[in-house]
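Let's walk through this structure together, one region at a time. Keep the sequence and the 3D view open beside you as you read.

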Amino acid sequence: METREQRQARIDAKVAELRARADAKEAESNRLRGSVDDDSTFWTQPAYGNAAGRAFAARRERERSKIVKAGNLYMEAKALRETADSMEARGARMAGDAAAEREAAIAAADFKVGQMVRTLYGVRKVVKVNRKSILIEGGMSPVSVPKHLAEAV
């Protein structure tokens with residue numbers, strides 16, 4: 001059975017690897033983008049139908065491909081960083097963590113009959129309070145809503 005510390009160590013290693021991959025992709029993106037000709041006449045000059053014009057058009061297309069590839073690499077690096085940030089923020093999750101959070105939210109909820117609450121169904125009045133859920137006024141009959149999904153107005 002894996003402990004929380006072991007799982008967190010695995011997550012930290014994965015985060016470091018994702019960030020290293022993102023750095024490499026971003027460096028490659030910057031290298032490609034830096035090698036592209038930024039002269040405006042290069043991009044606006046017409047390519048004629050003779051051999052020199054076709055060669056020029058092919059060169060311009062290669063440069064355009066570098067720009068597109070650099071943009072794709074940058075976006076991949078950004079996605080890797082976002083994944084790493086999300087993994088780092090979430091931390092190690094163990095079996096039972098979600099249930100414990102839900103139970104804590106239920107224990108912290110203090111609803112009373114007649115109180116107005118905001119739920120998925122909008123702002124409604126509490127009809128009955130149970131241990132884990134509340135009954136709210138519905139369109140036709142009362143609707144049961146878990147306490148952790150309701151908030152007092």
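**A walk through the model**

With a relative accessibility of 4%, Phe42 counts as buried, since buried means under 20% relative accessible area, exposed over 50% and partly exposed in between (1.4 Å probe, protein chains only). Before going on, please note that this is a predicted model, in which local features need pLDDT of at least 70 and side-chain atom pairs count only at pLDDT 80 or more, while totals for chains, interfaces and linings use all residues. Residues are numbered from 1 along each chain as its sequence is written, and side-chain values use heavy atoms, with hydrogens and water left out.

Back to Phe42 and its aromatic partners. Rings of Phe, Tyr and Trp (its six-membered ring) pair if their centres lie within 6.5 Å; planes under 30 degrees apart count as stacked, over 60 as edge-to-face and the rest as tilted. By this rule there are 2 aromatic pairs. In one of them, the ring centres of Phe42 and Trp43 are 5.0 Å apart and the planes stand at 85°, so this pair is edge-to-face. Trp43 has a relative accessible area of 27%, so Trp43 is partly exposed. Phe42 also forms an edge-to-face pair with Phe56, at 5.5 Å centre to centre and 80° between the planes. That pair links distant parts of the chain: Phe42 sits in helix H2 (residues 40–44) and Phe56 in helix H3 (residues 51–90), 14 residues apart. Why does Phe56 count as buried? Because the relative accessibility of Phe56 is 16%. Together, Phe42, Trp43 and Phe56 form one aromatic cluster.

Now step back to the whole chain. The protein chain has 4 helices and 5 strands; here helices (H or I, at least four residues) and strands (E, at least two) are DSSP runs, numbered from the N terminus. In order from the N terminus, the elements run α-α-α-α-β-β-β-β-β. A compact globule of 153 residues would have a radius of gyration near 15 Å, whereas the protein chain has 29 Å; this radius is taken over C-alpha atoms, and the globule rule is 2.2 Å times the number of residues to the power 0.38. Along the principal axes, the C-alpha atoms fill a box of roughly 85 × 45 × 20 Å. Of the 153 residues, 22% count as buried.

Where do the nonpolar side chains gather? A nonpolar core is a set of buried Ala, Val, Leu, Ile, Met, Phe, Trp, Tyr and Cys residues joined through side-chain atoms within 4.5 Å. The largest such core has 9 residues in all: Ile11, Val15, Leu18, Ala22, Ala77, Leu80, Ala84, Met87 and Ala92. Helix H1 (4–34) and H3 are the elements that give two or more residues to this core. Apart from this core lies another, of 8 residues, including Phe111, Val117, Val126 and Ala150. Returning to Val15 for a closer look, and leaving aside its neighbours within four places in sequence, Val15 is in contact (heavy atoms within 4.5 Å) with Ala84, Met87 and Glu88.

The last stop is the sheet. Strands of a sheet pair through backbone hydrogen bonds, either parallel or antiparallel, and two strands count as paired if DSSP finds at least two bridges between them. In this model, 5 strands form an open sheet in the order E4-E3-E2-E1-E5, with antiparallel pairing. Its edge strands are E4 (143–146) and E5 (151–152), each pairing on one side only.

You can trace the pairing from strand to strand. Strand E1 (residues 116–119) pairs with strand E2 (residues 122–129) in the antiparallel sense over 4 bridges, and Met116 has Lys125 in E2 as its bridge partner. E2 then pairs with strand E3 (residues 133–136) over 3 antiparallel bridges, with Ile134 in E3 as the bridge partner of Val129. E2 and E3 form a hairpin with 3 residues between them. From E3 to E4 there are 4 bridges, and these strands run antiparallel. Here Ile136 has Val143 in E4 as its bridge partner, and Ile134 has Val145 in E4. The hairpin that joins E3 to E4 passes through 6 residues.
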